[in-house]
Amino acid sequence: MWIRISSLRSRILVWLLVPLASTAALGILLSRRDAAAMATVVQDRLLLGSARTIAQQVSFEDGLIEVAIPPSALELFQGDTGDRVYYRIASSRGVLLSGYAEVPAPPGDLRPEESTRFTTRVRNEPVRVVAYAQPVFGAPGEGPVVIEVAQTFQAHDALAQRIWLGNIRQDLLTLVLVAILVWLALRGALKSILLLRDRVQERHAGSLEPLDAGPVPTELQPLVGAINGYVERLDTQMAVRSRFIANAAHQLRTPFTILQTQVNFGLRESDPALKDQALAAILQGVRQGTRLVNQLLSLSRAEASFLPFRNRVNVAELAQRVLEEQGALAQSRDMDLGLDVLTDQAEMPGSASMLHELLANLVDNALHYTQPGGVVTVTVDRPGQGLVLKVEDNGPGIPPADRARVFERFCRLQVDGTQGCGLGLSIAQEVAHALGGTIELSDPDAGTGLVVTVTFP
């Protein structure tokens, strides 16, 4: 089960200590083997010393080999571990001279003053045996006497355990010391981060000034730069939102003021005909205000759309629905509203509602700003990898010098009484950008008018 650590200092400490602890654990496992090897070396030296002590007592007298076991040879193994000690002294011909017959002879022959060591079992107990070949001086023709001393493993295991536990204590103490030193080092190294945090927390609410990096480490400078970049973008966005709110408030204040005037006028008039005129004007104002609110909501939704789109939309079928919805307006203005689909691959990933807002605003603009009897044509094409959506009219068009400005919110070039609030192209642009596309204004191939081209990747 993973424990979530929120502190950067603790995370770095864990990242450092985990490999160190793993290395220490591996060292502890290896040190157990080394401790056993060291204990074996100590045991072999004691056994060899005992065998040499006995060897010094070997003599040749009256044609016989005499061996005396000095007490000092066996006192080397005295202790509280309960070990059993066995010895065996045999002639070069294998004749037992003294000791325990259960102790097996060493493997192979030994040259004079040569020793060997091996592990075997005596009386069903594992023992460590050291054999030493002692030459017999003054005995011509006699080979060396083989002296064997064996000991069980209680003292050996106890010594190995003590050595291993000592290594464990040393490794753990080293690990704790390293953890303390790393913690202190991190505390000093992360002090600059805490100072940067304090500078951020000390800023007053609403402050959009760039953050002073100050003496921060090189690794933190990209973070400070990213924060300042975000603050700059946020400042720009807040300025745009402030202008938008101010313009929206102004745009909404005007129709509400007119509505209030018309309501007052209707209340004062007693003539039914004049009251009907006031009611008709009020209805028109409500429709205009409703349209403005709806467009503001559409613009807000388009601005908030930044997630990838997985649904596929058939743009040709969507364009057909939009033209059917705008058919009544085109018929009332005696205009030719048509659709040309030049591809059989009119699908693209996107949002049907957002694409509907885009095309509806473009077609509505074309119908309102083109003279009665004009022509508005919607084209869906795929000339390459991308999908192209065009809305072309034969109206007055937009001068090239003003084409960048018309995408600004509430921008209206014509003041001839045409209804509108200057948000149609802004909404279309926001939707196109949200779907990864581009929008351009151009002149038609012949005559006057305007071509709005939206290209999706």
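Buried residues make up 37% of the 457 residues in the protein chain. Buried means under 20% relative accessible area, exposed over 50%, and partly exposed in between, with a 1.4 Å probe and protein chains only. The model is predicted: local features need pLDDT of at least 70, side-chain atom pairs count only at pLDDT 80 or more, and totals for chains, interfaces and linings use all residues. Residues are numbered from 1 along each chain as its sequence is written, and side-chain values use heavy atoms, with hydrogens and water left out.

The protein chain has 10 helices and 14 strands. These are DSSP runs, numbered from the N terminus: helices are H or I with at least four residues, strands are E with at least two. Contact means heavy atoms within 4.5 Å. Of the contacts in the protein chain with a separation of 6 or more, 62% come from residues 24 or more positions apart.

**Nonpolar cores**

In soluble globular proteins, nonpolar side chains tend to be buried together. A nonpolar core here is a set of buried Ala, Val, Leu, Ile, Met, Phe, Trp, Tyr and Cys residues joined through side-chain atoms within 4.5 Å. The largest has 43 residues, and Leu358, Leu359 and Leu362 have the most contacts inside it. At least two residues of this core come from each of helices H7 (315-325), H9 (352-369) and H10 (424-434), and likewise from each of strands S11 (375-381), S12 (387-393), S13 (438-442) and S14 (450-456). H9 gives the most, with 9 residues. Beyond its neighbours within four places in sequence, Leu359 is in contact with Leu318, Ala319, Val322, Val378, Leu389 and Val391. Another core lies apart from this one; it has 17 residues, among them Ile54, Ala55, Ala73 and Tyr87.

**The five-stranded sheet**

An open sheet of 5 strands runs in the order S4-S3-S7-S6-S5, with antiparallel pairing. Strands pair if DSSP finds at least two bridges between them. S4 and S5 are the edge strands, each pairing on one side only. Neighbouring strands of the sheet are turned by 20 degrees against each other on average, direction ignored. The axes are lines fitted to C-alpha atoms, for helices over the stretch in contact, and angles run from 0 to 180 degrees between N-to-C directions. S3 and S4 run antiparallel and are joined by 3 bridges. Arg88 stands opposite Gly99 in S4.

**Aromatic pairs**

The whole structure holds 2 aromatic pairs. Rings of Phe, Tyr and Trp (its six-membered ring) pair if their centres lie within 6.5 Å; planes under 30 degrees apart count as stacked, over 60 as edge-to-face and the rest as tilted.

| Pair | Centre to centre | Angle between planes | Type |
|---|---|---|---|
| Tyr86 and Tyr100 | 5.3 Å | 85 degrees | edge-to-face |
| Tyr87 and Tyr100 | 5.8 Å | 80 degrees | edge-to-face |

Tyr86 lies in strand S3 (residues 85-90), and Tyr100 in the loop between strand S4 (96-99) and strand S5 (115-122), 14 residues apart. Tyr87 also lies in S3, so its pair with Tyr100 ties together parts 13 residues apart in sequence. Ring pairs link Tyr86, Tyr87 and Tyr100 into a cluster. Tyr86 is buried, at 3% relative accessibility. Tyr87 is buried at 16%. Tyr100 is partly exposed at 28%.

**A charge over a ring**

The charged end of Arg32 sits over the ring of Trp164, 4.3 Å from its centre. This requires NZ of Lys or CZ of Arg within 6 Å of the ring centre and within 35 degrees of the ring normal.
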